[in-house]
Amino acid sequence: MSDDSFIREVNQEYRQAQARAMWDRYGPIGIGIALAIVLATAAWVGWEYWQTSKANTSGDAFSQALRLSSEGKQDEALAALKALEADGHGAYPLLARMRAATVLADKGDFAGAVKEFDAVAADNAIPRAIRDMARLRAGYVLVDNGSYQDVSTRVEVLTDDANMLRHSAREALGLSAWKEGKAKDALALFDQIASDDTAPRNARERASMMAELIRGSGAAL
């Protein structure tokens, strides 16, 4: 055997001995780490499946409640929504709260509807955008079932130029002001909407119509 062959044999034997030593020392740890990764992956996949399954079940329950409401079965719809609010998953409990308030309004329980919307608006655990929407919905219910002050208390904060709901909030205030005989205030609000190029076209059209009506009535003179 040549010197080179002998050296290669020695090196190979040395590497094999090192590999066996490394395996004896770290092999069980490596197996443990690999097993932990497999188990963690399986747990994550299982958790995602559980989350999806629960969300799908809640979605089906919410759709069923909407069907009951559209069929005029308001009491049954309310019961289904309350159950979903208590036991639903994901965003559906909050959707159920908002929809339940709407169903109460449809039933003619305006005080109950406003109470529910106010409760959502006051819940700091809920995203601000949803709380603002609850304020607006309460304001619209109160346009026909409350005073201008009632409406203003809910929606005045939404009329800021930076708020995405400002056009709807101003419309609710304008309608309430017109209903209460505050024609000048109403006209100013409707003119503000009508002249705002950032307002939705249908909102500007409604505002223009109301402004023309108020001017035509002479009430704002």
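Helices here are DSSP runs (H or I, at least four residues), as strands are (E, at least two), numbered from the N terminus.

A note on the ground rules before going on. This is a predicted model, where local features need pLDDT of at least 70 and side-chain atom pairs count only at pLDDT 80 or more, while totals for chains, interfaces and linings use all residues. Residues are numbered from 1 along each chain as its sequence is written, and side-chain values use heavy atoms, with hydrogens and water left out.

**Helix α8**

Which residues of α8 are buried? I found A183, A186, L187, L189, F190 and I193. They sit on the same side of α8, because their arc around the axis is only 165°. That arc is taken from the directions from the helix axis to the C-beta atoms. Buried means under 20% relative accessible area, exposed over 50%, and partly exposed in between (1.4 Å probe, protein chains only).

I also checked the length of α8 (residues 183-194): its twelve residues should span 16 Å, and the end C-alpha atoms are 16 Å apart, which agrees. The expected span is 1.5 Å times one less than the number of residues.

**Salt bridges**

Next I searched the whole structure and got 14 salt bridges. Each is a side-chain nitrogen of Lys or Arg within 4 Å of a carboxyl oxygen of Asp or Glu.

R206 and E171 pair up with their closest N and O atoms 2.6 Å apart. R206 is in helix α9 (residues 201-217) and E171 in helix α7 (residues 166-179), so this bridge ties together parts 35 residues apart in sequence. E171 is buried at 11% relative accessible area, whereas R206 is partly exposed at 36%.

I then looked at D123 and R97, whose side chains meet at 3.2 Å, N to O. D123 lies in the loop between α4 and α5 (128-145) and R97 in helix α3 (residues 92-107), so parts 26 residues apart in sequence are tied together. R97 is buried at 16%; D123 is partly exposed at 25%.

K82 and E116 came next, with closest N and O atoms 3.7 Å apart. K82 belongs to helix α2 (residues 74-87) and E116 to helix α4 (residues 110-121), so the pair links parts 34 residues apart in sequence. E116 counts as buried at 19%, while K82 is partly exposed at 37%.

Finally, I noted a network of salt bridges linking K82, E85, R97, E116 and D123.
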